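Let's take a walk through this model together. Have a look at the sequence and the fold before reading on.

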Amino acid sequence: MIEIKNLSKSFQTADGTVEALKNVNLTIQDGDIYGIIGMSGAGKSTLVRCINMLERPTEGTVLIDGCDIGSLSEIDLRSVRREVTMIFQGFNLLMQRTCLKNICFPLELSGVNKEEAKKRALELLDVVGLPDKANAYPAQLSGGQQQRIAIARALATEPKVLLCDEATSALDPKTTHSILELIRDINERLGITVIIITHQMSVVEEICTHVAILDEGEVVEEGAVSTVFSSPKSRAAKRLVFPDGAEEILTENRGERRIRVVFNGALATRTPLIARMAMEQQIAASILSASTRSIGDKAYGNMLLGITGDDEVVGRAMDYLQGIEDILVEEVTDHVG
Amino acid sequence: MLDKLFSPEVIEETLWIVQYEIPLAIWETIYVTVLATAFAVILGLPLGVLLVVGEKNGVLPLPKSAMHVLNIVINLLRSIPFLILMIMVIPLTRLIVGTSVGTLASIVPLVIAAFPFVARLVESSLREVNPNIIEMAQSMGASPFQIIVKVLIPESVPSLLSNFTIAITTILGYSAMSGIIGGGGLGKIAINYGYYRYKYLVMLIAVVLLILLVQVFQSVGTRLATKSDKRLKGGR
């Protein structure tokens, strides 16, 4: 278990002090695939570097299985880092070493003998699906293949935690998908806790079980992915869930009453919800904005309806919608956000 | 003038020099250059490494004052003209080699002039290493020493090789100057016959040979550097 408590980090720059992280509190359970999402500059990279103390926090503690790693000496920290390994956006392979030697690198650092290291590296090449690339150099591989080698290298020391710092941001969607599959597979088969830093919604949606949304150095929302994404509350979360700014239109009031319908895993994709409400309740609702996504055959997301009418009509509409499973309804009365 | 340059007597004398003095001179030039470069690298490589890792944000930050002294010493040595440096280090040369004249003795001033230069070249090579790769090594629990010997130096081998090639050709040029304090080699031939005895043809031959040597060192160095670089596609 990783517990991040009251973590703050500030940097001194020429323009004064920059607070990269402000009082961050997170708990990551063993076996989770935990996403930390935010816009660039939100402090994601700083946060992940505090988990292995590449950055020393200004305040607060990071506990890994109860051990306060901020209090460790540089030398003790090195052995922690063999248990909490990392992959990067730029892969960061050693360009003058073969793939096999790259995977051996962390084993060399911890003094494993050459034969044993080589054996382990060959096994890992199999795990990441590149058994024929042992003697190839990184420059001869595609981006996706390089990231696979980097993953194999990160697994060499049999870590408990894998930190992924924008690991798929430099890859095309198809390769991203296959790398995420690999990460999920590793998580399931080896039971490694995975922490994923990303700015891509799709990454979190695809494999994360939990997510924390980071905005300007603060965790603004946190929880299970389905909960956070179906009813984003904070402005930062909304910006991520509705990247086109769909919600912004709503601020202008056109005289009608507005109801927000939140799909939280409803089987709504099969039912023509609005049409049925019009037929059964004779309430005509216009869709002001909608942003829903289907995960499996369930709908998640958010729809804003505009209804012209008095309290009675709006009340009936809300009752009707409330009656449907996994749908939450609320009336929007003022500015969003 | 031209017929004086190529008169039968001159040609005969030149041929004699080419036959009996030039081969030894070539050999002396090569061994002085190679030896001086080797010592300069032995001294310059660790200093170059210190210049990079000892910085405030380096992998092994050293006290600011130590870095200051290191930089000043390197700059100081680099700013003394070689001709003057050769004379200044005569006592040191005598201490190390036992004499201050001769081919072997000329290696000492060459090394002293070249190692700060090599240190700067090494510094610039190591700075080319992607800082993200160093961060990667730290994230895997590498110690500063491991980062130096397993990451910084191996990753910059191609760049180091091309910089050492620059060093060896520069040292070759300096070694010709050491003819003045009695160092052997092609430089001595050129100065003794060309400058002191007006035998321009001999000087010309010595100069052409020096040019050829530079070409050889340069092309071998460039080839080694390219061949060692695994970043180039298909470079196996």
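Which residue follows H3(A), and what is its phi? H3(A) is followed by Gly111(A), with a positive phi near 80°. Before going further, a word on the model: it is predicted, so local features need pLDDT of at least 70 and side-chain atom pairs count only at pLDDT 80 or more, while totals for chains, interfaces and linings use all residues. Residues are numbered from 1 along each chain as its sequence is written, and chains are lettered from A and ligands numbered from 1 in the order in which they are written.

Stay with H3(A), which covers 99-109; helices (H or I, at least four residues) and strands (E, at least two) are DSSP runs, numbered from the N terminus. Eight of the eleven residues of H3(A) are buried, meaning that 20 or more other C-beta atoms, placed from the backbone, lie within 10 Å of a residue's own. Among them are Cys99(A), Ile103(A) and Phe105(A). These buried residues pack against helix H4 (114-127) and helix H5 (143-155) of chain A, together with helix H9 (144-155) of chain B.

That brings us to the partner chain. In all, 21 residues of chain A are in contact with 22 residues of chain B, where contact means C-beta atoms, placed from the backbone, within 7 Å. Helix H2 (74-81), strand E6 (84-88) and H3(A) each supply at least two residues of chain A's side, and H3(A) gives the largest share, four residues.

Finally, chain A has domain 1 (2-231) and domain 2 (242-332), with bounds from an automatic or database domain assignment. Their C-alpha centres lie 39 Å apart. The contact takes five residues from domain 1 of chain A and nine from domain 2 of chain A.

Terms used:
Contact = placed C-beta atoms within 7 Å. Buried ≥ 20, exposed ≤ 12 C-beta atoms within 10 Å, placed from the backbone.
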